Amino acid sequence: MDRTEITPCRAGDLALLDRHLPTPGAPTRHADRFARQEAGLGTYLVAWRDGLPAGNGQVRWDGCAAPEVRAAAGDCPEFNGLDVREDLRGQGIGTALIRAAEELARERGGTHLGLGVGHDNPRAAALYARLGYAPVTAYTDRYAYTDEDGVRHECAEACTFLVRRLD
């Protein structure tokens, strides 16, 4: 079985991320997450398999911005934007990324980690439940991105915020 390595993103990783984990319609997603990391607001984790990026996700140290989540979970750090290359899904990479995020939260003195899941993503919801994440509140995830033509898009997605205690 191939070994998966999880590391914080480095500036030199961005071109490989763009090539192997493209974000159609949102070409600056990797750079944006790296910029949050550089500003100290998050840690952008990359999963590596055979020297290539296999998945990624970001720990947002400032938590979820949704008011419903803030009211229910406070400033609980959020693991956000989990993505695994389609051809590698089901091989434990998502689990490895989540466990790495949990360990980072523990190292910073965190007692909980949260994450959101879209109501239209039952496969992710099943993974999170298997890993011990329990629903805290329903919310609307609002986010924006700029496409290749420089047009800004505002999006809203029905989600549930889940939290796991890090004992």
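The paragraphs below describe strand pairing, an aromatic pair, a nonpolar core and several individual residues in a predicted model. Because the model is predicted, local features are reported only at pLDDT of at least 70 and side-chain atom pairs only at pLDDT 80 or more, whereas totals for chains, interfaces and linings use all residues. Residues are numbered from 1 along each chain as its sequence is written, and side-chain values rest on heavy atoms, with hydrogens and water left out.

We may begin with the strands. Helices (H or I, at least four residues) and strands (E, at least two) are DSSP runs, numbered from the N terminus, and two strands are taken to pair if DSSP finds at least two bridges between them. Strand β7 runs antiparallel to β6, to which twelve bridges join it. Within this pairing, Y143 has C155 of β7 opposite it. The two strands make up a hairpin with five residues between them, and in the turn G150 has a positive phi of about 85°. Strand β7 is also joined to β5 (residues 112–118), again antiparallel, by seven bridges.

A pair of aromatic rings is described by the distance of the centres and the angle of the planes. Rings of Phe, Tyr and Trp (its six-membered ring) pair if their centres lie within 6.5 Å; planes under 30 degrees apart count as stacked, over 60 as edge-to-face and the rest as tilted. One such aromatic pair is present in the structure. It consists of Y139 and F161, whose ring centres are 6.1 Å apart and whose planes meet at 75°, so the pair is edge-to-face. Since Y139 belongs to β6 (residues 134–146) and F161 to β7 (residues 152–165), the pair ties together parts that are 22 residues apart in sequence. Both Y139 and F161 are buried, where buried means under 20% relative accessible area, exposed over 50%, and partly exposed in between (1.4 Å probe, protein chains only). Another ring has a charged neighbour: R108 lies over the face of W61, at 3.9 Å from the ring centre. A charge sits over a ring if NZ of Lys or CZ of Arg is within 6 Å of the ring centre and within 35 degrees of the ring normal.

A nonpolar core is a set of buried Ala, Val, Leu, Ile, Met, Phe, Trp, Tyr and Cys residues joined through side-chain atoms within 4.5 Å. The largest one has 23 residues, and F79, I93, I98, L113, Y128 and Y133 touch the most other members. At least two residues of this core come from each of β2, β3, β4 (78–84), α4 (93–107), β5 and α5 (122–130). Helix α4 gives the largest share, five residues. For I93, contacts (heavy atoms within 4.5 Å) beyond its neighbours within four places in sequence are made with T4, A47, R49, A54, G55, V84 and L88.

H30, in helix α2 (residues 29–38), is buried at a relative accessible area of 1%. Its side chain is joined to that of Y44 by a polar contact of 2.5 Å; such a contact is a pair of N or O atoms within 3.5 Å, and within protein one must be able to donate a hydrogen and the other to accept it, while residues adjacent in sequence count only if both atoms are side-chain atoms. Beyond neighbours within four places in sequence, H30 also contacts residues including L14, L17, D18 and N56. R60 of strand β3 is likewise buried, with a relative accessible area of 19%. Setting aside residues up to four places away in sequence, R60 touches R36, L41, G42, P77, E78 and N80.

D50, in the loop between β2 (42–49) and β3 (52–60), counts as exposed at 61% relative accessibility. Although D50 is not a glycine, its phi is positive, at about 55°. G74, in the loop between α3 (67–73) and β4, is partly exposed at 33%. R165, in strand β7, is partly exposed as well, with a relative accessible area of 45%. The side chain of R165 makes a polar contact of 3.0 Å with the side chain of D167, and R165 touches T111 and H112, not counting residues up to four places away in sequence.
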